[in-house]
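This report describes how the parts of one protein chain pack against each other. Please look at the sequence and the structure before reading on.

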Amino acid sequence: MRDWRGRARRNLWLADAMLLMVAIIWGSSYAVAKQALWFYPVLGFLAIRFGLTFILLLPQLRGEGRRAIRPGLPLGLVMLGIFLCETWGVMLTSASNAAFLISLCVVFTPFVEWAMVRQRPSNLLFAACALSLAGFWLLTGGTRLSLNLGDGLMLVAALLRAVLVCLTRRLTADRQIPPMALTAVQSGVVASGCLVLGLSLPGGLPAVPQSPAFWAAALYLVGFATLFALYVQNLALGRTSATRVSLLMGSEPLFGALIAGLWLGEQLGLQGWIGGLLIMIATLGTLRLGRLEAPVASNSGLPART
């Protein structure tokens, strides 16, 4: 009995440590993407990033993985909109702001669900929304409100992520679709869409950059922020609860702001930090409340983040 309990505690500790590692990786993805965009435009960068992801995950579409094709196509179109807004947003605002603002998708999700299935959120979720709005106000300047285009695009991306979560639940409910196969289809749609849009521009896309820094950033996002993160997420869900997974990975914005400060030299200031932390509190509270009130999830337990 003691050996069993000891193994269970070790497994839980390992799962927690791996989830925190993923939160750090995801937090760093904003600074990494911002660096990659110094070398190549948004459409070309996304086509390369998700094209590589699709190629690596292509074997997942064999056998039962083919079930992912039908729901993956519309979900991929939503994801295309998300990453166009998110990547342009990262380019036009600070990586710190981007990390905090994208986490608002968690607060938006119950309200998107309300619009889609007429299920009214609880009063506590309205309070979380008010708290996140206060945080957003402080993060973007308070009385000296300085909302730029990048911040606006991150808000649109957060809203679209909420739509993606609800749509994924609707299209994959009770269908046992492998998460890796679904990510493969979505990645293929994003890569194809960006390539078509990029080539349709006057002059098309520039030559692929040769800079090692660009390719290091692209491979890091593919290998760690997508493939490794999805593997850890699914592994952890087999060892601990979805609530614990959500709360641990909800620390991503804090790591994003810290890494942006250390790596890119971005400074939020006291008011910005207070605003960001208010958004984090609202996000974590919404995650916990949502899991307690309605433990409904996609077949992987959490929406895939790429």
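## Helices and packing

M21 is found in helix α1. This is a predicted model, in which local features need pLDDT of at least 70 and side-chain atom pairs count only at pLDDT 80 or more, while totals for chains, interfaces and linings use all residues. Residues are numbered from 1 along each chain as its sequence is written, and side-chain values use heavy atoms, with hydrogens and water left out.

M21 has a relative accessibility of 43%, so M21 counts as partly exposed. Buried means under 20% relative accessible area, exposed means over 50%, and partly exposed lies in between (1.4 Å probe, protein chains only). M21 and E252 are 231 residues apart in sequence, but their C-alpha atoms are 9.6 Å apart in space.

F224 lies in helix α9. With 43% relative accessibility, F224 counts as partly exposed. From F224 to S29 there are 195 residues in sequence and 9.3 Å in space, C-alpha to C-alpha. Leaving aside neighbours within four places in sequence, F224 is in contact with I25, L219 and A229. Contact here means heavy atoms within 4.5 Å.

### The whole chain

The secondary structure comes to twelve helices and zero strands. Helices (H or I, at least four residues) and strands (E, at least two) are DSSP runs, numbered from the N terminus. Of the 306 residues in the protein, 53% are buried. Among the contacts with a separation of 6 or more, 89% are between residues 24 or more positions apart.

### Helix pairs

Axes are lines fitted to C-alpha atoms, for helices over the stretch in contact, and angles run from 0 to 180 degrees between N-to-C directions.

| Helix pair | Axis distance | Angle |
|---|---|---|
| α3 and α8 (residues 179–200) | within 7 Å | roughly 50° |
| α3 and α7 (residues 149–172) | 8 Å | about 160° |
| α4 (residues 95–102) and α11 (residues 252–264) | within 8 Å | roughly 175° |

Angles under 35 degrees count as roughly parallel, over 145 as roughly antiparallel, 65 to 115 as roughly perpendicular and the rest as oblique.

How does α3 lie relative to α8? The axes of α3 and α8 cross at roughly 50°, which makes α3 oblique to α8. The crossing of α3 with α8 is right-handed. A crossing is left-handed if the near helix is turned anticlockwise from the far one by less than a right angle, and right-handed if clockwise. On the α3 side, the residues that meet α8 include I69, L73, L77 and L84. On the α8 side, they include L182, V185, V190 and L197. The residues of the contact of α3 with α8 divide into 14 nonpolar, five polar and no charged. In this scheme Ala, Val, Leu, Ile, Met, Phe, Trp, Tyr, Cys and Pro count as nonpolar, Asp, Glu, Lys and Arg as charged, and the others, Gly among them, as polar.

α3 and α7 pack at an angle of about 160°, which makes α3 roughly antiparallel to α7. The crossing of α3 and α7 is left-handed. The contact of α3 with α7 has 19 nonpolar, five polar and two charged residues.

The axes of α4 and α11 cross at roughly 175°, which makes α4 roughly antiparallel to α11. The contact is made by A95, S96, A99 and F100 of α4 and by P253, L254, G256, A257, A260 and L264 of α11. By class, the contact of α4 with α11 has eight nonpolar, two polar and no charged residues.

### Aromatic pairs

How many aromatic pairs does the structure hold? The structure holds six aromatic pairs. The rings of Y40 and F214 have their centres 5.8 Å apart and their planes at 65°, so the pair is edge-to-face. Rings of Phe, Tyr and Trp (its six-membered ring) pair if their centres lie within 6.5 Å; planes under 30 degrees apart count as stacked, over 60 as edge-to-face and the rest as tilted.

Y40 lies in the loop between α1 (2–36) and α2 (42–57), and F214 lies in helix α9 (residues 212–237), so the pair ties together parts that are 174 residues apart in sequence. Both Y40 and F214 are buried.

F50 and F83 also form an edge-to-face aromatic pair, with 4.8 Å from centre to centre and 65° between the planes. F50 is in helix α2 and F83 in helix α3 (residues 69–92), 33 residues apart, and the pair links distant parts of the chain. F50 and F83 are both buried.

Ring pairs also link Y40, F45, F214 and W215 into a cluster.
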